[in-house]
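Take a look at the fold below.

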Amino acid sequence: MEPTRDCPLFGGAFSSILPTEAIDVSDLRPVPDNQEVFCHPICDQSLIIELLELQSHVRGEAAARYHFEDVGGVQGARALHVESVQPLNLENLALKGCCQEAWVLSGKQQIAKENQQVAKDVTVHQALLRLPQYQTDLLITFNEPPLDNRSFLGPANPPWSLSNFEQLVTSLTLHDPNIFGSQ
């Protein structure tokens, strides 16, 4: 696992541990206020943290699948395949005090990048942390496209691993609940 840093998110309302070389996409293009998006400096990997409206009509494993399919639809995925859905142990989360249930899903989405016709199978790992007292589903996504440019990756910029994703998920900390508005 590469070096990491503690990173403020959503104006300091949250923080989490991210790879040191993660590039804040909001420095490159507009990002919606409910998202924090980071990309790898060399390959097309990305880490996305989203504050979403609680989808109370789905529970448990179905909630994780709902968000996977919703994201796939927004990205125009041509095919979706869930490989696994597992509960996350709340005791391992920095958000254990306010997270009622948590799930991790791994799957594949067939997605074409902007302005490209050819779709690629992107491995997607998602963690869903449900915060009903804030009417929020917190979705953390790690997109792992095929490493076409592997030759450009060296010891200085190794691709991110599931360990980086797990560290982001487990270290995510809430500092200011006012981000959710008046409850």
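Predicted model: local features only at pLDDT ≥ 70, side-chain atom pairs only at ≥ 80, totals over all residues.

Residues are numbered from 1 along each chain as its sequence is written, and side-chain values use heavy atoms, with hydrogens and water left out.

**Cores**

A nonpolar core is a set of buried Ala, Val, Leu, Ile, Met, Phe, Trp, Tyr and Cys residues joined through side-chain atoms within 4.5 Å. Buried means under 20% relative accessible area (1.4 Å probe, protein chains only). The largest core has 30 residues. Phe14, Leu95, Leu129, Leu138 and Ile140 touch the most other members. Strands S1, S2, S5, S8 and S9 and helix H2 each supply at least two residues of this core. Helices (H or I, at least four residues) and strands (E, at least two) are DSSP runs, numbered from the N terminus. A second, separate core has 9 residues, including Ala64, Ile111, Val122 and Val124.

Contact means heavy atoms within 4.5 Å. Beyond four places away in sequence, Phe14 touches residues including Leu51, Leu95, Leu138 and Phe180.

**Strand S2**

In S2, 5 of its 6 residues are buried. Two strands pair if DSSP finds at least two bridges between them.

| Pair | Bridges | Sense | Partner residues |
|---|---|---|---|
| S1 and S2 | 6 bridges | antiparallel | Thr4 and Pro19 |

The hairpin of S1 and S2 has 4 residues between the strands. There, Phe10 takes a positive phi near 50 degrees.

Note on methods:
Buried < 20%, exposed > 50% of the residue type's maximum accessible area, 1.4 Å probe, protein only.
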